[in-house]
Amino acid sequence: IAGQAAYVYALNFFLVPHSLVTISLMTVLFTQMSRHAAAGRLDRLREVTSEGVRTVGVFMMFAGAAMIVASPHLVRVLAPKVSGESVEAIAWVLAIMSLGLVPLGASVMLKQAYFALEDARTVFLIHIPMTLAWLAVAYAVKGTMDPIWWVRGVALGMLATNLVAVVLRFWGLNRRMGGMDLKRIAVTHLKAAVAAALATVVGLAILVAGPRSWNQDGLSAVMTSVGMSAAILLSMFAVYAVASWLMGITEATAVVRAVTRRLRRVR
């Protein structure tokens, strides 16, 4: 049964793609957002915000799918000393959290638009229903399901809070800026979802065909999971990249630039 430690482990893994891409793009685009907001150019602010949401969405769609499929092997690699049962407990929480990577990225980019408009009050007010949604889902799971689902329910609550954030922030900005390029954003996310679905099929095939090394202890199990993680992630990335290219998802290029920039800084 997952507890607080499993939740913390899963959260740390979950935040890696968010930190790698969303924070990088947010840092780059916020300067442009602030400049356009200060000049009263709401049309340009809308374009930059749309670009950020679409670009983050393209990356998060792949990252979410990859982390869901490879979660048991990734946890075994990143937490080599925990037991096999603990790995499964953490992997479940991580997989459920990963469902919320796309709305998390979108909600963060939309929040930056509010900050560019110097409207922290609305950001605060939206956090109230966000918190209520998280608590409602978490306590509903706790009150109706077995203890093995309680921490998973908290992860589902995280998904709910980010979905509420996206809906309310989009609604508010759409009214304030006279539109939010919703059609273009929706089309890009739909294409990315199709590419992610194709990549998921390939990843699941590799997961099912490969060894269940995450259930085992010892260095050999960890090394096997390293190989399985690499096989799943690389295969899924190849399928996602090809599908994105065939469907003309131009935002994928911006994602590559953001990741490359962040990796250079790390080195």
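# Report on an all-helix predicted chain

R41 counts as partly exposed, because its relative accessibility is 41% (buried is under 20% relative accessible area, exposed is over 50%, and partly exposed lies in between, with a 1.4 Å probe and protein chains only). The structure is a predicted model, in which local features need pLDDT of at least 70 and side-chain atom pairs count only at pLDDT 80 or more, while totals for chains, interfaces and linings use all residues. Residues are numbered from 1 along each chain as its sequence is written, and side-chain values use heavy atoms, with hydrogens and water left out.

## The chain as a whole

The protein chain has 9 helices and 0 strands (DSSP runs numbered from the N terminus: H or I of at least four residues for helices, E of at least two for strands). Read from the N terminus, the elements are α-α-α-α-α-α-α-α-α.

The C-alpha trace spans about 60 × 45 × 35 Å along its principal axes. The radius of gyration of the protein chain is 19 Å, and this agrees with the value near 18 Å that a compact globule of 267 residues would have (C-alpha atoms only; the globule rule is 2.2 Å times the number of residues to the power 0.38).

Of the 267 residues in the protein chain, 48% are buried.

## Salt bridges

The whole structure holds 4 salt bridges (a side-chain nitrogen of Lys or Arg within 4 Å of a carboxyl oxygen of Asp or Glu). One of them joins the side chains of R41 and D43, with N and O 3.2 Å apart.

Another pairs E47 with R44, where the closest N and O atoms are 2.2 Å apart. Both residues belong to helix 2 (residues 42-78), and because they are 3 residues apart there, about one helical turn separates them.

A further salt bridge links D119 to R176, with 2.8 Å between the closest N and O atoms. D119 sits in the loop between helix 4 (101-116) and helix 5, whereas R176 is in helix 6, so this pair ties together parts that are 57 residues apart in sequence.

The table gives the exposure of some residues in these pairs.

| Residue | Relative accessibility | Class |
|---|---|---|
| D43 | 32% | partly exposed |
| E47 | 44% | partly exposed |
| R44 | 26% | partly exposed |
| D119 | 13% | buried |
| R176 | 41% | partly exposed |

N162 is placed in helix 6 (residues 150-177). With a relative accessible area of 7%, N162 is buried. When neighbours within four places in sequence are left aside, N162 is in contact with G100, P103, L104 and S107.

## A nonpolar patch

F124, L125, I128, L132, L135 and Y139 make a nonpolar surface patch of about 630 Å² (patch residues have over 30% relative accessible area and no salt bridge; nonpolar side chains, Val, Leu, Ile, Met, Phe, Trp and Tyr, are joined within 5 Å, like charges within 9 Å). One of the patch residues, L125, is found in helix 5 (residues 120-144). L125 counts as partly exposed, because its relative accessibility is 37%.

Note on methods:
Areas by Shrake-Rupley, 256 points an atom, 1.4 Å probe, with all protein chains shown as cover. Contact = heavy atoms within 4.5 Å.
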